[in-house]
Amino acid sequence: MLTGGEVAALVAAVVWAVLATFLCVALVKLIKLINAATRVVSDMGDRTPPLLEDMSSTVERANTSLERVEEITANMQSSSEDVSTMTALTRSVFTGPLVKIASFSYAVRRVMGQRRTLALVRTRKRKEESR
């Protein structure tokens with residue numbers, strides 16, 4: 001039969017064997033995980049340069065389009081300023097004479113109205129004097 005020390009040694013050996021087995025399994029899984037991570041990083045390294053080139057060309061095309069939009073905006077601003085200048089010129093050319101014509105026609109209507117009023121007053125006075 002086994003003595004107490006031998007049983008303790010046997011239990012310790014079994015515990016160490018189980019612990020060593022557990023550590024071996026954990027290390028094997030860790031190695032597989034590291035290999036998979038290495039493959040993923042390698043694949044990303046292979047795929048990254050073409051993606052960066054595509055992004056670079058896309059950014060260049062976007063910059064070209066933005067330059068065109070900037071040119072169009074500048075042209076529209078110039079055209080808007082030209083239209084504003086022409087509007088101001090047209091207003092100054094036509095507004096002055098139109099105001100003068102309107103004031104002249106108002107003056108003529110007023111004078112004609114006063115002449116009619118005077119003519120009516122004179123006609124009434126003549127009628128009264130003739131009675």
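Trainee: How far apart are the end C-alpha atoms of helix α1?
Mentor: Helix α1 covers residues 4–130, and its end C-alpha atoms are only 166 Å apart. A straight helix of 127 residues would reach 189 Å at 1.5 Å a residue, where the expected span is 1.5 Å times one less than the number of residues. Keep in mind that this is a predicted model, where local features need pLDDT of at least 70, side-chain atom pairs count only at pLDDT 80 or more, and totals for chains, interfaces and linings use all residues. Residues are numbered from 1 along each chain as its sequence is written, and side-chain values use heavy atoms, with hydrogens and water left out.

Trainee: Okay, where does α1 bend?
Mentor: At T48, by about 30°, and a proline, P49, follows within four residues. The bend is the angle between axes fitted to the seven residues ending at a residue and the seven starting there.

Trainee: How many helices and strands are in the chain?
Mentor: One helix and zero strands. Both are DSSP runs numbered from the N terminus: helices are H or I with at least four residues, strands are E with at least two.

Trainee: And what's the radius of gyration of the chain?
Mentor: It's 53 Å, while a compact globule of 131 residues would be near 14 Å. That's taken over C-alpha atoms, and the globule rule is 2.2 Å times the number of residues to the power 0.38. The C-alpha trace spans about 170 × 40 × 15 Å along its principal axes.

Trainee: New topic: how much of the chain counts as buried?
Mentor: 0% of the 131 residues. Buried means under 20% relative accessible area, exposed over 50%, partly exposed in between (1.4 Å probe, protein chains only).
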